[in-house]
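Here is a short report for a reader new to this structure. Take a look at the model first, then read on.

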Amino acid sequence: MSEEIVSDLMRAHIYRLAQRGERVDGRGLDEPRKLTVERRYVGTAEGSARAKLGNTDVLVGIKMSTGEPYPDTPDTGVLSTSLELVPMASPTFEAGPPRPEAIEIARVVDRGIRESKMVNVEKLCIKPKEKVWILFIDIHVLDYDGNLFDVGSYGATAALASTIVPAKAQGLGEDFPLPVEHWPVSVTFAKIKDLILLDPDLDEERMAEARLTVTTDENGDIRAMQKGLSGSFSFDEVKRCIETSQKVGRQIRPILQGS
Amino acid sequence: MEDIEHIEKEMKLIDENGVRLDGRKFDQLRPIRIEAGVLKRADGSAYIEWGGNKVLAAVYGPREAHPRHIQDPARALVQCRYNMAPFSVSDRKRPGPDRRSVEISKVISEAFSSVVFKEQFPRTSVDIFIEVLQADAGTRCAGLTAASVALADAGVPMRDLVAACASGKIGGVVCLDLNKEEDNFGDADCPMAVVHGTGEIVLLQMDGHLTFDEFQKAMELSLGAADRLFELQRDALRRRYSVTLEEILRESPPPVAPPPEPEDRDFAPVEEPGPQDEAPPRDEDFGPEGI
C-alpha cells in the first residue's frame, strides 16, 4: 500500500489548492466524497452492502453461525471483523496473508462498531456459556482510491443493519433482524503539512504525513479513535477533528440508515 | 436490576471520595521505575516497571535493512515489534504475533518514525523490540516509554524523547493510567504518546465512550503524565551515563609525573641558555642508533 508514488507536481498542486481551501475533485477541505450504499447485494450472505465513497468501492458481507462464547463474555455473541485487500483493487495489493495495513483497518472498523454497541450482542446469546451467535464481518475491497477506514466502516454498518439472523436454518425459531441499536460513523482526516483534509482520496492519502480516524455516535460522543502514519497532531488539531467528525457524522448517518 | 448491578460495579472501581481500587486518585500514575542499558548485546536497551507491568525494550541499528527490497534509499526504516510473552497474562497467550500485536507494533513504529533522524541513515533499519514480560494494562505505553530510552541508549539520533500514557474512564470519572481491573471494567481507554519538546501527539488511540469534554480532560491528564515520564526517562539515562569523579579516577588514574628526560629536553632551550647542556641527552638518545 505504501509503494505508490505521487509526483512532485501533483503534491505541489494538491497542497497549493488546499491552502486556498480547495481540492482536486472540487471538494472543500471538510467535505467527504459522495457516498452511495446498496444494501442486500449478496443473496448468499445474511447481510451485505456495497459502499462507494467516491471511487473507493467495498463490498461487505455478514455471515453468521453458532458457536461457543468467549469464557470472559459467556452470555454475549461474538463479533469478528476482517478486511481483504483484493488484488484486483489496486496494482499494489498482493494475494497472501493480511498485511499490517489491512489488520489495522479491520481493527479500527471493528472498534467503532464494538465500542458504540451498535449490535446488541447480549441478544445474540442462545445458551449462556454454551452457544451464542457468531457474527463475521468480511470487508472485501474492490476498488481502492483512498480512505478504506471510512468506506469499510460505512459498508460494515449498512451491512449489519440489513442482516437477518438465520435462526430457522439452525432450528432456533423464526429468523429475526439483527438487533442494531446505535449508529457509529467513522470520519478520517489526512494531515498534509499544516493542513487537514477530510476523507482523503488516494493521492492525498499517499502524501499525508499523519492520519486520524474519529468514530462518533448519534449523540456526538467519541467511541473510537486511531492516529496513524509517522506525522503528528497537536492537541488543538485533534479537538478540531473531533468537532468536524461530529458534524460530518450527522450528515453521513442518514445515508447509512437508509432513510 | 441491571442498573443496580452496573452502579455497584462502578462503586467498586472508584469510591465517593475519588479513591480507586489501588488507592490512587484520578490523576495519579502507578509507581514507575525505568532502567537504561540492561542488555549486553543490544545496541540500546531499557527496562520499565509500571505498576504490574514489566517490559523490556531493545534497539538494534541503524543496521542494513533486510530483506533488501524493504530498504528505502533516502532514509532509515523504523520497525517495531511488540510482543507479549505467553506467560505475561493470566490465560497463556499463544506465542507469535496476533492481530492486536501487529496493530500495536505498527502504531509504535509510526510514533518513533517522526522523531528519529531517518535521513541520516539511508537503506538501514532501526529495529525496536518490545517484550512484555508481565502485563497489567497499559503495556503499549510502558513499552513505548521504555523503547524511547532504549533508542537514546543506542545513541540513535532523535529530535526528542517520546513518552506515552493512557487515560480512561471508570465509573463515570476520567482517570489517568488504568490498571487491569479498571481497563476490563472501565468505560473507555485512550492511550497517547507525546514528543517532549513540542507536545506533538504521535500516537493516539481510543476505545469506549467519551464525550468531547471527557476526552479533552483525558488528553490533559495524559499530557501532564508525559511530563513526569520525561523526568523518569531522563533520570534513567543520567544514572546510566553520568559518572562521579571517583569513578573517573578509578578507571583512569591521573597521569603519573612524566619522566624527566623529555621534559628537560623540551624546556631546556628556554630554561637553560647554554647549548652545551642540551648536547649530552641528545648523544644518549641518538648515539646507539648512530652506531
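B:Y60 counts as partly exposed in this predicted model, because its relative accessibility is 26%. B:F129 is partly exposed too, with a relative accessible area of 29%.

Two aromatic pairs are counted over all chains. B:Y60 and B:F129 form an edge-to-face aromatic pair, 6.1 Å centre to centre with 75° between the planes. B:Y60 belongs to strand β3 (residues 53-64) of chain B and B:F129 to strand β5 (residues 124-134) of chain B, so the pair ties together parts 69 residues apart in sequence.

| Charged residue | Ring | Distance to ring centre |
|---|---|---|
| B:K217 | B:F26 | 5.0 Å |
| B:R240 | B:Y241 | 5.1 Å |

Next, the sheet. Eight strands form an open, antiparallel sheet in the order β10(A)-β9(A)-β11(A)-β12(A)-β9(B)-β8(B)-β6(B)-β7(B). β10 (195-198) of chain A and β7 (173-176) of chain B stand at the edges; each has a single partner strand, so one side of each lacks a neighbour in the sheet. On average, neighbouring strands are turned by 20° against each other, direction ignored. Four bridges join β6 (residues 162-170) of chain B to β7(B). B:K169 has B:V174 in β7(B) as its bridge partner.

Helix α5 (residues 212-241) of chain B lies across strands including β12 (222-228) of chain A and β6 of chain B, at about 145° to β6(B).

Helix α2(B) is mostly covered, with 13 of its 15 residues buried.

Key: Residues numbered from 1 in each chain as written. Chains lettered and ligands numbered in written order. Predicted model: local features only at pLDDT ≥ 70, side-chain atom pairs only at ≥ 80, totals over all residues. Heavy atoms only, no water. Buried < 20%, exposed > 50% of the residue type's maximum accessible area, 1.4 Å probe, protein only. Helix = DSSP H or I, 4+ residues; strand = E, 2+ residues; numbered from the N terminus. Phe/Tyr/Trp six-rings, centres within 6.5 Å; stacked < 30°, edge-to-face > 60°. Lys NZ or Arg CZ within 6 Å of the ring centre and 35° of its normal. Pairing = 2+ DSSP bridges. Axes fitted to C-alpha atoms, helices over the stretch in contact; angles between N-to-C directions. Contact = heavy atoms within 4.5 Å.
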